[in-house]
Number of protein chains: 4
Amino acid sequence: MSLSPEQIAEISTARAAQSQTVRPTVPELESLLYQALPVLDHGFVRVIDYMGNDAAIVQAARVSYGRGTKKVSEDRGLIRYLMRHRHTTPFEMCEIKFHVKLPIFVARQWIRHRTASVNEISGRYSILDKEYYIPAPEQLAAQSHDNRQGRGATLQGVEAARVLELLRDDADTCYAHYEDMLNADPEGNPMDPERDGLARELARMNLTLNTYTQWYWKIDLHNLMHFLSLRADGHAQYEIRVYAEEMLKVLKAWVPATFEAFCDYRLGGASFSAKDLDVIKALIAGKPAVQEDSGLSKREWAELMARLGR
Amino acid sequence: MSLSPEQIAEISTARAAQSQTVRPTVPELESLLYQALPVLDHGFVRVIDYMGNDAAIVQAARVSYGRGTKKVSEDRGLIRYLMRHRHTTPFEMCEIKFHVKLPIFVARQWIRHRTASVNEISGRYSILDKEYYIPAPEQLAAQSHDNRQGRGATLQGVEAARVLELLRDDADTCYAHYEDMLNADPEGNPMDPERDGLARELARMNLTLNTYTQWYWKIDLHNLMHFLSLRADGHAQYEIRVYAEEMLKVLKAWVPATFEAFCDYRLGGASFSAKDLDVIKALIAGKPAVQEDSGLSKREWAELMARLGR
Amino acid sequence: MSLSPEQIAEISTARAAQSQTVRPTVPELESLLYQALPVLDHGFVRVIDYMGNDAAIVQAARVSYGRGTKKVSEDRGLIRYLMRHRHTTPFEMCEIKFHVKLPIFVARQWIRHRTASVNEISGRYSILDKEYYIPAPEQLAAQSHDNRQGRGATLQGVEAARVLELLRDDADTCYAHYEDMLNADPEGNPMDPERDGLARELARMNLTLNTYTQWYWKIDLHNLMHFLSLRADGHAQYEIRVYAEEMLKVLKAWVPATFEAFCDYRLGGASFSAKDLDVIKALIAGKPAVQEDSGLSKREWAELMARLGR
Amino acid sequence: MSLSPEQIAEISTARAAQSQTVRPTVPELESLLYQALPVLDHGFVRVIDYMGNDAAIVQAARVSYGRGTKKVSEDRGLIRYLMRHRHTTPFEMCEIKFHVKLPIFVARQWIRHRTASVNEISGRYSILDKEYYIPAPEQLAAQSHDNRQGRGATLQGVEAARVLELLRDDADTCYAHYEDMLNADPEGNPMDPERDGLARELARMNLTLNTYTQWYWKIDLHNLMHFLSLRADGHAQYEIRVYAEEMLKVLKAWVPATFEAFCDYRLGGASFSAKDLDVIKALIAGKPAVQEDSGLSKREWAELMARLGR
């Protein structure tokens with residue numbers, strides 16, 4: 001991770017500015033606020049602001065159920081109930097804002113989550129920094145042979161070294177030519193006063209997809225959990241999963257009861273079809289169950305057995 | 001407005017609970033927090049939580065424009081620029097949560113704004129309070145003769161008294177029968193132990209549309225301004241406009257620079273078509289301009305002249 | 001259901017207007033198009049337009065997977081795969097538009113689904129028809145004793161008759177006074193030329209919540225299935241569930257492969273938490289499993305056993 | 001533009017498959033359906049499906065206004081009214097689906113429009129084609145000197161030739177190394193059977209941002225017009241504007257009355273602030289108006305005068 005000296009100074013200043021508020025606060029999250037949590041070789045996740053806590057979810061749920069239900073359940077049980085029955089609107093009552101630095105190819109996956117607000121650094125206005133993602137050697141995975149989108153064994157030795165060299169050289173070359181075409185230093189001043197630089201909005205097309213970008217990203221808790229359930233999952237690409245994993249730590253600090261229910265029901269849970277349920281019931285009843293009679297395809301059967309740990 | 005004693009006590013407790021935070025705070029809004037701003041005869045708007053301030057908008061805009069632009073404009077000018085050019089995403093970086101009590105027919109208009117989060121009291125779970133909206137005499141408007149959705153002159157004397165009596169009597173009767181069908185006190189206990197009460201989810205259909213409901217409503221600043229530009233407008237129905245007007249006071253306390261730009265560009269501004277612009281340019285040039293040659297219909301011409309104060 | 005003669009004529013005209021198209025068409029849905037499917041005593045659902053079919057989902061999914069996967073799976077298997085793994089975006093590629101007539105208290109639940117487009121008849125512009133929902137006797141359920149939002153046994157005899165009379169009388173009275181205050185016939189012409197009528201936007205507040213309204217409602221297939229999974233569910237209120245059930249018939253005619261997968265994975269499926277899965281695995285292994293050791297509350301245990309049919 | 005032979009065959013097949021439908025159809029758009037409209041050097045826009053027409057907008061608007069208004073306005077006037085008063089929901093009742101091939105840096109701007117459905121070819125599953133955008137010589141603009149995001153004069157001679165060579169060489173090199181790291185032909189078969197290829201999801205990071213991608217993109221008419229008003233605007237980057245311009249032709253074929261109103265009110269129209277309006281009124285009244293007394297900054301004054309053609 002590389003924060004600029006200005007960014008480090010900004011973080012110190014922001015963290016020093018204590019104010020009084022009558023809003024709900026979460027001390028565990030306050031201590032993380034503004035801090036850069038490092039991800040990959042140059043990326044980070046920073047919490048910039050938040051609104052609400054576990055109690056705000058309960059408060060919103062209770063307005064729905066009205067005065068008669070105040071005594072019904074204590075907070076943790078209610079939060080588990082909401083999560084189990086996918087009563088999602090109370091979780092929308094909390095909001096969080098992140099500052100994230102991430103490679104462009106990761107940003108392209110991330111932005112597919114539409115119910116969030118984003119302000120990204122613009123390559124039309126600004127000259128992008130010379131920072132790009134190079135995988136750590138243990139992440140240099142081969143293409144999986146049996147899964148079209150998966151990773152297989154890690155490349156070794158000469159093979160791995162060659163890949164790293166190609167990635168590094170091409171990113172370096174492309175960035176050098178980007179600078180050259182721009183004919184500008186990072187402040188936008190011409191390097192060679194004799195010639196015009198290519199427009200920024202054009203020159204950027206020469207950069208490689210591992211170049212880092214950054215953005216402010218604001219989302220409500222319900223949609224954050226949807227993002228995390230997909231991106232902290234084992235099927236997610238490693239390079240986005242590591243961001244999701246840092247954000248899980250933030251979730252735990254922010255809304256611990258919700259985090260616990262989320263881990264139990266979403267991250268650790270599973271869904272089954274009607275046909276799957278028939279198989280499960282048969283297995284529990286001690287009856288034989290085989291793929292051929294189940295109405296499931298071979299692939300569906302294999303996925304079911306995997307989820308049942310068989 | 002009628003807050004229950006429990007609600008008044010809750011507000012005091014919430015306002016007394018001061019915490020330290022490193023988040024941006026807005027003292028002018030803190031002093032409004034949790035307070036019920038009365039609207040109509042029993043309604044209110046309360047700010048429950050907020051996130052961000054004018055500076056957060058600037059901060060988000062600047063990440064888009066990058067380091068080179070830090071000096072370009074000071075904050076107020078930048079906010080005016082964003083508003084003028086409808087660069088809306090930085091305004092999404094602020095969020096606010098309200099608790100609102102409002103008549104059901106107003107709630108039906110309000111909910112058409114989809115980009116917000118809502119938790120409403122549910123008539124399936126809870127027994128709704130006996131509170132309904134009766135217009136103040138000066139709001140008892142006749143149907144407009146020349147505008148299908150507008151209000152005309154105020155009803156007077158016997159006519160007005162009769163309308164008020166009808167509204168009051170019908171709401172009273174319907175509520176009394178609601179209670180009777182429910183066979184339950186506000187806590188849900190049977191009044192006549194000898195018989196079953198009708199299900200809440202059915203009994204509620206007997207209530208009139210002026211019955212009050214309440215909800216938590218959370219929205220980002222961009223979408224709040226869109227809501228306010230439509231609902232604080234003169235074409236909005238009075239009964240929703242008064243809510244919007246209270247929320248304008250909240251906006252002013254929360255993000256004063258944004259509020260100023262919003263008043264100038266949205267509330268006080270106007271849009272013109274290409275044909276309108278041709279007329280305006282002709283008028284400025286001192287040329288004669290008449291509807292017949294303008295390409296505008298009579299109605300369009302009249303609307304244009306009205307916006308030009310002619 | 002009561003269609004006006006104009007509406008019946010419009011439907012005939014629309015159904016007679018055959019055109020040629022190169023778009024994908026679905027003959028089974030074409031035969032339903034514009035027809036009113038009756039719901040409740042005066043309501044209906046009509047399909048007004050549609051876009052896409054099962055093949056459009058497959059086509060969109062295959063652009064994601066690229067040329068290499070054309071042979072991988074046949075369509076039905078791919079649609080089941082998408083449903084199972086909640087790859088929801090291909091289902092967004094189909095769209096459908098309904099015309100629905102429904103009681104206002106049902107419309108208030110329905111509108112909470114935000115990712116749809118709606119145009120509703122406006123009580124500010126129009127005079128609403130004298131039509132309101134009165135439950136069939138077998139739907140006059142008592143409040144459930146053990147479920148705050150549920151229905152219990154059906155009211156009988158005198159009790160039931162009394163409820164029906166109250167509902168009918170109050171709706172009649174409120175509507176009569178609505179007309180009286182408006183002082184207008186359904187075309188908006190004054191009944192008593194000597195006096196002004198109350199503005200429509202005010203008079204409507206006197207109507208009861210079982211008054212019928214109508215709207216155009218347009219939604220994509222993914223969000224339609226989300227709506228149906230919640231509203232065709234046994235926990236949904238009967239009065240909205242019957243609409244969902246008619247729409248399931250539409251779904252079956254429109255996208256049969258998707259309908260089949262939806263029934264298997266959503267309507268007939270179930271989700272389990274990590275703790276639930278531990279219990280299921282123990283049961284399959286023939287080990288004893290009791291609530292006390294499971295980490296589940298009594299309620300959670302009961303819900304789990306119910307889903308396992310025990 | 002380069003369509004593959006398979007794509008050309010698919011288009012012929014799709015265009016030949018005429019069906020009968022009772023849905024509204026638009027012959028002018030039918031004749032465009034599936035055809036690739038070329039954009040940039042290798043890109044295209046194709047209409048894949050559509051729903052609704054000008055009449056569907058009017059129909060949806062009329063349900064809002066109810067039976068009393070059937071005679072009020074003829075369709076064109078009503079559509080102009082809806083556009084002028086930003087009654088946007090009836091425009092949501094039409095939907096269109098495109099297949100678009102576009103450079104990744106354009107896709108990154110495009111995807112910021114969140115209210116659309118997208119299925120993009122995935123570089124995790126598929127091997128991307130060797131196609132990248134190289135600007136035509138007349139588009140090789142220098143960075144603007146007075147506008148941070150704009151383009152200035154066109155680069156000439158040696159300078160231009162050098163930029164084109166850098167762009168072409170770097171894209172070629174990066175793609176060659178992408179293939180090399182993948183160790184796979186376009187069908188995914190290994191080129192060198194002795195070694196493993198790098199995982200697709202990793203190798204793609206070496207591609208440059210001018211590489212072409214493609215997606216299905218589905219959007220309603222209201223949101224399409226919002227997209228076009230921003231992206232067909234002179235401030236939009238040339239490389240996205242040319243896509244918007246092709247889509248304007250589609251709009252004209254599909255909904256001609258809406259297209260006309262859109263051109264008049266959105267593309268050719270302008271918005272003014274309250275302070276702007278004061279200046280306009282003064283100018284029309286023949287009074288002197290100068291920046292210093294207007295409350296406008298120099299920049300705001302300049303923008304106002306530009307919009308007034310002064």
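In chain D, five strands in the order β2-β3-β4-β8-β5 make up an open sheet whose pairing is antiparallel; two strands are taken to pair if DSSP finds at least two bridges between them, and helices (H or I, at least four residues) and strands (E, at least two) are DSSP runs numbered from the N terminus. The structure is a predicted model, in which local features need pLDDT of at least 70 and side-chain atom pairs count only at pLDDT 80 or more, while totals for chains, interfaces and linings use all residues. Residues are numbered from 1 along each chain as its sequence is written, and chains are lettered from A, with ligands numbered from 1, in the order in which they are written.

The edge strands of the sheet are β2 (37–39) and β5 (117–120) of chain D, each of which pairs on one side only. From one strand to the next the twist averages 25 degrees, where axes are lines fitted to C-alpha atoms, for helices over the stretch in contact, and angles run from 0 to 180 degrees between N-to-C directions. Within the sheet, strand β3 (residues 43–51) and strand β4 (residues 95–103) of chain D run antiparallel and are joined by seven bridges, and Met51(D) has Glu95(D) as its bridge partner in β4(D).

Two helices accompany these strands. Helix α8 (residues 221–231) of chain D lies across β4 and β8 (212–220) of chain D and runs at about 130 degrees to β8(D). Helix α9 (residues 238–254) of chain D packs on the sheet, where it touches β2, β3 and β4 of chain D, and its direction makes about 35 degrees with that of β3(D).

Chain D also meets chain C, in a contact that takes 47 residues from chain C and 47 residues from chain D; two residues are in contact if their C-beta atoms, placed from the backbone, lie within 7 Å. On the side of chain C that touches chain D, the largest share, six residues, comes from α3(C). Strand β1(C) is joined by three bridges to strand β1 (residues 19–21) of chain D, and the two run antiparallel; in β1(D), Thr21(D) is the bridge partner of Ser19(C).

A second contact takes 43 residues from chain B and 43 residues from chain C. Here α6(B) gives the largest share of the side of chain B that touches chain C, namely nine residues.

Chain C is superposed on chain D by a rotation of 180 degrees with 0.0 Å of shift along its axis (RMSD 0.0 Å), which is the relation of a two-fold axis. Copies are superposed by least squares on the C-alpha atoms of residues with pLDDT of at least 70 in both. Gln20(C) is the residue of chain C that comes closest to the rotation axis, at 2.4 Å (C-alpha), and the same surface serves both copies, since 100% of the contact residues of chain C recur in chain D.

A rotation of 180 degrees with 0.0 Å of shift along its axis likewise superposes chain B on chain C (RMSD 0.0 Å). Of the residues of chain B, Thr208(B) comes closest to this rotation axis, at 2.1 Å (C-alpha).
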